[in-house]
Amino acid sequence: MTVSAAPSEASSASAAPRSGGVRRSVLRRVAPYLQAGPLALTLLVFLLIPILTIVAVSFWDYDSIRIYPDFVLTNYEELLTSPVTWKTYLNTVKFAALTWVITLLIGFTVAYFLAFHVQSTTWQMVLFLVCTIPFWTSNIIRMISWIPFLGRNGLLNSGLISAGLIDQPLEFLLFSDFAVVLAFVHLYALFMVVPIFNSMMRIDRALVEAARDGGASAAQVVWNVILPLAKPGIAIGSIFVVTLVMGDFITVRLMSGGQSASIGLMIANEISLLQYPAAAANAVVLLAVVLIMVVAMLRIVDIRKEL
Amino acid sequence: MTGTGNRRGLSFYLLAAFFGLFVLFLYGPIATITILSFQGPEGGLTFPMNGVSLHWFRNLFEQQAVGDFGGSFRRSIALGLTVMVLTVLFSLLAGFAFRRRFLGSGALFYLAVASLIVPSILVSLGIGLLFNILGIEPTWYGSALGAHLTWTLPFGLLIVFAIFNRFNPAYEEAARDLGATPWQTVRHVVLPILLPSLIGVGLFGFTLSYDEFARTLMTAGSFNTLPLEIYGMTTNVTTPVLYALGTLTTLFSFTVIGLFLAGVMILRRRRLRRTGGAA
């Protein structure tokens, strides 16, 4: 944050005529609250209070028709003692881990190419835009667009068959865990590329030069200079990817064809069955798990310094 | 730029090939469904093409059974534009606030970051439950608008932070020294410098809202937005009409992105010309 302007503001205020100075200094003190007000109010009404509502409802009771205000622990009991929950968590964490590793490798390589191998700034901007544009299009459409590629009679299968590599179409391509992870990587690789690229662009090129003059090979420069300095970007990208995958339900539902499960999907199903207290308890646990993961990743980096 | 030097070794070409594959991976599938949306009337969801026609695009506009495609499209645009305006306004204002220390600034910052990492379905569920308990009917222009803002505002805020961190306060001091009032400083110095980035914030606001699914699920009330409509179609439509819809919405997204980028470019060129003229 820029705080360096404060002293000069104070001096200019004292130089102003006295009464105007007083009024202005009051305004100056109140101004930040007015300016931050709309943001604070929106987040309060549509984020904080709803989450507190979820926490409250997670202790409520319900039957097949409605939910009752109460204080019961049965929702948590049923959730945590069910083997389905643990299996689903394991599955969700598996998706998150696989997606994280693959997007990290892709993101680092793509960002490294853009930041250090593309020489002209114009090309850098153009190629960066090419990478980011899909981020601004519909996720659901991007998932659907894999169907003609991965399907039983899809491009990949017919290509492999005509190349003589396989005789039977591969069944695991669509509506499988493979398809889910593929779609996650497709959707979320951008979230890795952008922050890592941002970190890399701030690396002082003289450091790279110095390392090379000192006799470091290209690989050593990447490993010992660029990688450590790109860590903040990696951490931010990882937080995005992991939290998006942990909370997802639509990708898992669409790409696994209902054959795989995730916590988000479990919550969505409970919602559609109107079992709100059960969904709420599930949501509270998910939020706790995600927050623990994020706090762990934030230990690596102070994101406020990295913007 | 100094970087890896002027010579392009093997590593450059390997990385360039990797980058090319990545771009193919990003755009290949959408290109495929674009081609397939021109299937003939007898064509199916996969290749081969069974003739070429606009059958499925026509189908999209006449078939009432698919649902309310036109209405949901209009609602999504109206919602996206509202989210865009509010995101730019709220995050810019908050950006000014955060340049000074104020009580609760830390808490507000963490709340905004939390808004990014709280899974979308929780926001959806929470707002749905809250409105349910309070007895308020959820609507796409009320509860869904709020739900979308919890996703777009943190992005907007972070972008505004990034701008202000790179912002040279000397410009403002110079304006003040020349006798500008605070409002004049903001209007004639700060805002013009921020404008291209604010267009970026607007792009985030509009497109993230236009495509948002999970946060709209429990908050849209009785009228669907476009992503909800598309999702409904995926479960019960098995013809290329789905691809036609995908092609159209993607085309629309590309147009919106193109307009924003053109806006930024025009601003930059005009500024370049102006500063060139001044010098």
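Tutor: Domain bounds come from an automatic or database domain assignment. This is a predicted model.

Student: Into which domains is chain A divided?

Tutor: The C-alpha centres of the two parts, domain 1 and domain 2 of chain A, lie 39 Å apart. Their bounds are 17–47 for domain 1 and 82–306 for domain 2.

Student: Is A:Ser256 buried or exposed?

Tutor: A:Ser256 sits in helix α13 (residues 250–256) of chain A. Beyond four places in sequence, its contacts are A:Phe175, A:Ser176, A:Asp177, A:Ala179 and A:Val180. The cut-off for burial is 20 or more other C-beta atoms within 10 Å. A:Ser256 has 22 of them, so it is buried.

Student: How far apart in space are A:Ser256 and A:Pro232?

Tutor: In sequence, 24 residues separate A:Ser256 from A:Pro232. In space, taken C-alpha to C-alpha, they are apart by 33 Å.

Student: What pattern does chain B follow along the sequence?

Tutor: Chain B has 11 helices and 0 strands. Read along the sequence, its pattern is α-α-α-α-α-α-α-α-α-α-α.

Student: Why is chain B described as more spread out than a compact globule?

Tutor: Along its principal axes, the C-alpha trace of chain B spans about 75 × 65 × 35 Å. For 279 residues the globule rule gives 19 Å. Chain B is well over that, so it is more spread out than a compact globule: its radius of gyration is 23 Å.

Student: Which helix gives the largest share of the side of chain B that touches chain A?

Tutor: On this side, 80 residues of chain B are in contact with 77 residues of chain A. The largest share, 15 residues, comes from one helix of chain B, residues 10–36. That is helix α1.

Student: How many residues on that side of chain B are nonpolar?

Tutor: The side of chain B that touches chain A includes 19 polar residues and 6 charged ones. Its nonpolar residues number 55.

Student: Which residues touch the most other members of the largest nonpolar core?

Tutor: This core has 154 residues. Its largest share, 17 residues, comes from helix α9 (residues 177–201) of chain A. It draws at least three residues from each of domain 1 and domain 2 of chain A. Those touching the most other members are A:Val193, A:Ile267, A:Ala283 and B:Leu125.

Student: Which residues of chain B does A:Ala283 touch?

Tutor: Leave aside residues up to four places away in sequence. Within chain A, A:Ala283 then touches A:Ile54 and A:Ile267. In chain B, A:Ala283 touches B:Leu122 and B:Leu125.

Student: In which helix of chain B is confidence highest?

Tutor: Chain B has a mean pLDDT of 83, and 94% of its residues reach 70 or more. Confidence in chain B is lowest in helix α2 (residues 55–62), at a mean of 76. It is highest, at 90, in residues 120–134, helix α5.

Student: Over which residues of chain B does pLDDT stay under 50?

Tutor: Where pLDDT is low, the predicted coordinates should not be read in detail. The model has 10 contacts beyond four places in sequence for this stretch of chain B. The stretch under 50 is residues 1–5.

Student: What ipTM does the model score?

Tutor: The pTM of the model is 0.85. Its ipTM is 0.84.

Notes
Residues numbered from 1 in each chain as written. Chains lettered and ligands numbered in written order. Predicted model: local features only at pLDDT ≥ 70, side-chain atom pairs only at ≥ 80, totals over all residues. Contact = placed C-beta atoms within 7 Å. Helix = DSSP H or I, 4+ residues; strand = E, 2+ residues; numbered from the N terminus. Nonpolar A, V, L, I, M, F, W, Y, C, P; charged D, E, K, R; others polar. Rg over C-alpha atoms; globule rule 2.2 N^0.38 Å. Buried ≥ 20, exposed ≤ 12 C-beta atoms within 10 Å, placed from the backbone. Core = buried A, V, L, I, M, F, W, Y, C linked by C-beta atoms within 7 Å. pLDDT = per-residue confidence, 0-100.
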